[in-house]
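Here is my note for a colleague coming to this model for the first time. Please keep the structure open while reading the points below.

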Amino acid sequence: MAASAVVPASPPPAPAPSSASSGRRLATERATLRSSIDSCRSLAELRQYHSQLIRLGLSSDNDAAGRLIKFLAFHPSGDIPYALRLLALLPHPDPFVFNTLFRALPCPALSLPLYADMLRRSVAPNAFTFPSLLNPISAARDLRSGRQVHAHLLKLGFHTHPFSQNNLIHFYLNCGLAVDGRSVFDRMDQPDVVSWTTMISGLSKLDMVDDARELFDRMPQRNSVSWNAMISGYTQNGLFKQAFELFDRMRSQGIELDRFVAASMLAACTGMGALEQGKWIHGYIERKRIELDPKLATTIIDMYCKCGCLDKAYEVFRGLSKKGLSSWNCMIGGLAMHGHGKDAIELFKEMEKGAMVPDDITLLNVLSACAHVGMVAEGQHYFRYMVDEYGIVPKMEHFGCMVDLLGRAGLLAEAKKVIEEMPVDADAAVLGALLGACKIHGNADMGEQIGRQVIKLDPYNGGRYVLLANLFASTGRWDDVAKMRTLMNDRGVNKEPGCSMIEMDGRVHEFIAGGKSHPQAREIYAMVNEMLERIRAEGYVPDTSGVFHDIDEEEKENPLYYHSEKLAIAFGLLNTSSGDTIRISKNLRVCKDCHVASKFISKVFNRDIIVRDRNRFHHFKGGECSCKDYW
């Protein structure tokens, strides 16, 4: 019998994959894809993920589509039209995807049609919809659209939601409607710290600082943002003393400074010329290692520049690891303000070499640098350069700088030609620059013509009347001087009183021309008399050309003696030693007599005197001024 062949058994067939394991793999793949979208780095990469979503059947999934839309809405390489097309293809979108786009759309013209589409597709808004809608409406101050959204908010029952209420308050205050904003605030059951702070900040921006302070004092709880809102409100409105008082109260309660409070207080130090306080805050920022973002860095540089400490400003500027445009602008402007015109231009050239593109503020500072030192040819060059090289269209301020530059140099006809060839009508500031130049160079005819135009444009600025009256007085036209005085009285216009501030031992002392409210008033006036007696012996003769009354020279001299900066200098002499520096900030332009007197005082009393007036800095040392009498 033949042996039978042995046939090997076939391997058992592989088991078919279970639907459960297939579902798990698909779920894992989908989860991985979602997380990949969140870490996407480019639009090309996102398109690949979008293709995979379609392959996996996730193109209609709100979560996955929402991640795509979030990237498209907020990433630097995003694409809003692409995001809108994705949203349009979703069969059942949820509020999240709409809210994401509301947050990204920059203006009501785009966001409101999308909101209408949301309602048409029967997607119910949620608590985050209206805050996202209101932000661009508030930024655009679109009152009509904002009121429509407010009406929908009431209709759909979100009027009691804190997020929506806070955004409504911000919207109304940003539109200048304090009563409407306060109405929303007063109807809140439990306003939170954001509600209180929004009201305080908004009212401050509307110059309603007393109302803001009343709310601040009533706040049940405060955080550093609340304190900063009130301090910033005072600073923005020029109430620097109140800002310092509130800052001291904040510190007494043990509240730490953050970078926002630091920035507000540095701005207050700048306004008051409070260098020592500014140095302390800068030191605090360094000790606590507070992040030095571009805004805070620029604020520090600005403080040092405007408190007369240019070397320290330059040191901070050079120490920045990364310099933003605002820092360059601030430092160039600081050099210009201190009369370092050539240094300002050199820094501008260095900025250009570093591939930093200037803006209109940069060129305004460059032109200002030229104007302060009489660099006429350079100023004319850069006025053309800003247009030819960078396509920057000159603004009113640039024309004003050119008029000031030419006028100070005595080129009055050329300055007037700039005004006549401007594409828009010159404002009071531009015409005022020419009027000032006419006064400097004694051109009464042109001065009268320009002066009357300035007064017509700026009828409640007392300085305009005084400047024209002084021009009349310099040529003996006393009847016209009297008419200016009558016109001021008839219109209820007063000359802004001279005010000078000086910091001593961390405290800012304020002096008004002829004022006697200071605790050391008796000693100060005695020092003024001694000061004037000693500089007379050195050749000082009072310059009475700025006093436009038709009275005896001796009577004219009297008010000059007690100008605010002379009182501040006398206080500085009483409280400093030989060789020290006296720093003063003044609200008006330094008068010719005080400028002459300060030069003598710096020499006779061996002090460096640094005066910041409305236009620039004057460094008096050894009988000379940094402006070289070109101011």
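1. Start with the charged network. Glu448, Arg452, Arg477 and Asp480 are linked by salt bridges (a side-chain nitrogen of Lys or Arg within 4 Å of a carboxyl oxygen of Asp or Glu). Side chains of opposite charge can pair when their charged atoms come close. Arginine 452 bridges to glutamate 448, with the closest N and O atoms 3.2 Å apart. Arginine 477 bridges to aspartate 480 at 2.8 Å, N to O.

2. A word on the source. This is a predicted model, in which local features need pLDDT of at least 70 and side-chain atom pairs count only at pLDDT 80 or more, while totals for chains, interfaces and linings use all residues. Residues are numbered from 1 along each chain as its sequence is written, and side-chain values use heavy atoms, with hydrogens and water left out.

3. Where do arginine 452 and glutamate 448 sit? Both are in helix H26 (residues 444-457), 4 residues apart, so about one helical turn separates them. Helices here are DSSP runs of H or I, at least four residues, numbered from the N terminus. Arginine 452 is partly exposed, at 41% relative accessible area. The classes are: buried under 20% relative accessible area, exposed over 50%, partly exposed in between (1.4 Å probe, protein chains only). Arginine 477 is partly exposed at 24%. Aspartate 480 is buried at 16%.

4. Another salt bridge follows a like pattern of spacing. Aspartate 63 and arginine 67 meet at 3.3 Å, N to O. They are 4 residues apart in helix H3 (residues 62-74), so about one helical turn lies between them. Aspartate 63 is partly exposed at 36% relative accessibility. Arginine 67 is partly exposed too, with 24%. How many salt bridges does the whole structure hold? The search finds 28.

5. Now look at helix H29 (residues 521-537). Its 17 residues should span 24 Å at 1.5 Å a residue, and its end C-alpha atoms are 25 Å apart, which agrees. The expected span is 1.5 Å times one less than the number of residues. The buried residues of H29 are Ala521, Ile524, Tyr525, Met527, Val528, Met531, Leu532 and Ile535. They cover an arc of only 155 degrees around the axis, so they lie on the same side of H29. That arc is taken from the directions from the helix axis to the C-beta atoms. On the other side of H29, Arg522, Glu533 and Ala537 are exposed. Glycine 539 follows H29, and its phi is positive, near 115 degrees.

6. Threonine 362 belongs to helix H21 (residues 360-373). Is threonine 362 buried or exposed? At 0% relative accessibility, threonine 362 is buried. Leaving aside neighbours within four places in sequence, threonine 362 is in contact (heavy atoms within 4.5 Å) with Leu325, Asn329, Ile332, Phe348 and Met351. Its side chain makes a polar contact with the side chain of asparagine 329, at 2.5 Å. A polar contact is a pair of N or O atoms within 3.5 Å; within protein, one must be able to donate a hydrogen and the other to accept it, and residues adjacent in sequence count only if both atoms are side-chain atoms.

7. Histidine 282 lies in helix H16 (residues 275-287). It is buried, at 6% relative accessibility. The side chain of histidine 282 makes a polar contact with that of tyrosine 304, at 2.9 Å. Beyond its neighbours within four places in sequence, histidine 282 is in contact with Ile300, Tyr304, Lys312 and Val316.

8. Leucine 134 is in helix H7 (residues 129-139). At 1% relative accessibility, leucine 134 is buried. Sequence neighbours within four places aside, its contacts are Val149, Ser164, Asn167 and Leu168.

9. Last, the cysteines. With a disulfide taken as a pair of cysteine sulfur atoms within 2.5 Å, the count is 0. Cysteine 307 is in no disulfide; the nearest cysteine sulfur, in cysteine 269, is 6.6 Å away. Cysteine 307 is buried, at 4% relative accessibility.

Terms used:
Helices (H or I, at least four residues) and strands (E, at least two) are DSSP runs, numbered from the N terminus.
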